[in-house]
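Let's take a walk through this model together, going from the overall picture down to single residues. Have the structure open as you read.

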Amino acid sequence: MSPAAEDAGRTGDGTRAVRAGLPEPVKHEPTLPGPVFAAHFHLPGEATGPYLYGRDENPTWTLLERAIGELEAPGWGDVETLVFASGMAAISSVLFSQLRAGDAVVLPSDGYQVLPLVRAQLEAYGIEVRTAPTGGDGQLEVLTGARLLWIESPSNPGLDVCDIRRLVVAAHAQGALVAVDNTLATPLGQRPLELGADFSVASGTKQLTGHGDLLLGYVAGRDAEAMAAVRRWRKIVGAVSGPMEAWLAHRSIATLQLRVDRQNATALAVAEALKTRPEVSGLRYPGLLDDPSHKIAAQQMRRYGCVVSFTLPTRARAERFLQALRLVEDATSFGGVRSTAERRRRWGGDAVPEGFIRMSVGAEDPEDLIADVLRALDESAG
């Protein structure tokens, strides 16, 4: 374990984020080296060493992977992290590297809206797919005999939370692997590997990098054999991050704690303000004391995320609300420094009401953002 990795286990989140993955200092060299653009490397003699070909490894990936590993499992020396071209590339790498024809996998029925497409592909390969809701630890009911349990907590977009420790214990007792999608929480909100999961998987497109200007995914895990299979899948499929995206991601991680703390605090304030509005129903934010998921979330999460979800009475009312917002962009994705919101049913993949809104809270001044939301609610009433 490097001295930097050892220090990562003893420092605060801000210090860790600022220094994560930095190389040892060398006189006259930058503290964070620039991106390495290389398809191939000088390789005389035997094909050995860390960098052989651009699809396999890249020095810019190495530093970013080290940084993410220090955030996901600070102080652990046996965690491997691999970065990918997107969050879906990372998700696919685990599912398709660990499952074979005849296996069974348990997915959340209320998870990310691309999962139904994943299900169809898994079933085409002869893999049994079972689904159950995140809330109430519903996946336990269909776990028997499964090879892999896929957890999304908090779920997207409904923000339900499950007891990750409980599900991990049950899955491991029968020999199943556990992967947790940690996108909504980020490593500063929860650490799935510390909760016992075999894989922590996330889209780095979202709050991890936080500026809405790159696509990225990653997988972190402790089991060398399982991670070797994930690495092999990345090599075969070629789902690799560009060096510029990887460098931008590493640069952005330095402000992660600053962004997360501001966004999460404002998200709670926005949720509290929405509680006062009679036209708002189904309000969810795990940080609210009266949220159905708050009790278990408080036991396994250190921060509750930047996403708030709620429902307005009709599709038309939701669309008027979105049009009336001035500081919140009508856009998909979440986690950026600029607030966004959207009516999720427009995509067709989420089992939510027509007026369901997923709002991602950015880094604007809380008072300005709340005033904008409440004004838009007023203007959309007519």
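How many salt bridges does the structure hold? There are 35, where a salt bridge is a side-chain nitrogen of Lys or Arg within 4 Å of a carboxyl oxygen of Asp or Glu. Before going further, some housekeeping: this is a predicted model, so to speak of a local feature we need pLDDT of at least 70, side-chain atom pairs count only at pLDDT 80 or more, and totals for chains, interfaces and linings use all residues. Residues are numbered from 1 along each chain as its sequence is written, and side-chain values use heavy atoms, with hydrogens and water left out.

Helices (H or I, at least four residues) and strands (E, at least two) are DSSP runs here, numbered from the N terminus.

Now zoom out. The protein splits into domain 1 (13-251) and domain 2 (257-380), with bounds that come from an automatic or database domain assignment. Their C-alpha centres are 26 Å apart. Domain 1 puts 33 residues into the contact and domain 2 puts in 34, contact meaning heavy atoms within 4.5 Å. Between them the two domains bury about 2700 Å², 53% of it on carbon and sulfur atoms; buried area is the accessible area (1.4 Å probe) that two parts lose on being put together, summed over both. On the domain 1 side, Pro-157, Leu-159 and Gln-207 lose the most area to domain 2, together 24% of what that side buries.

Elsewhere in the list of salt bridges, Arg-284 pairs with Asp-160, their closest N and O atoms being 2.9 Å apart. Helix H2 (13-19) and helix H6 (164-173) each supply at least two residues of the domain 1 side that touches domain 2, and H2 gives the largest share, 3 residues.

A cis peptide bond joins Asn-156 to Pro-157, with omega about 15°, and Pro-157 lies in the loop between S4 and H6. Pro-154 is in the loop between strand S4 (148-152) and H6, and the peptide bond from Ser-153 to Pro-154 is cis too, with omega near -5°. Over in the loop between strand S5 (177-181) and strand S6 (199-203) you'll find Thr-186, which has a positive phi of about 65° although it is not a glycine.

Last stop: the aromatics. The structure holds 4 aromatic pairs, counting rings of Phe, Tyr and Trp (its six-membered ring) whose centres lie within 6.5 Å, with planes under 30 degrees apart called stacked, over 60 edge-to-face and the rest tilted. Phe-41 and Tyr-51 have ring centres 5.8 Å apart and planes at 40°, so the pair is tilted. Phe-41 is found in the loop between H2 and H3, and its C-alpha is 6.1 Å from that of Leu-52, 11 residues away in sequence.
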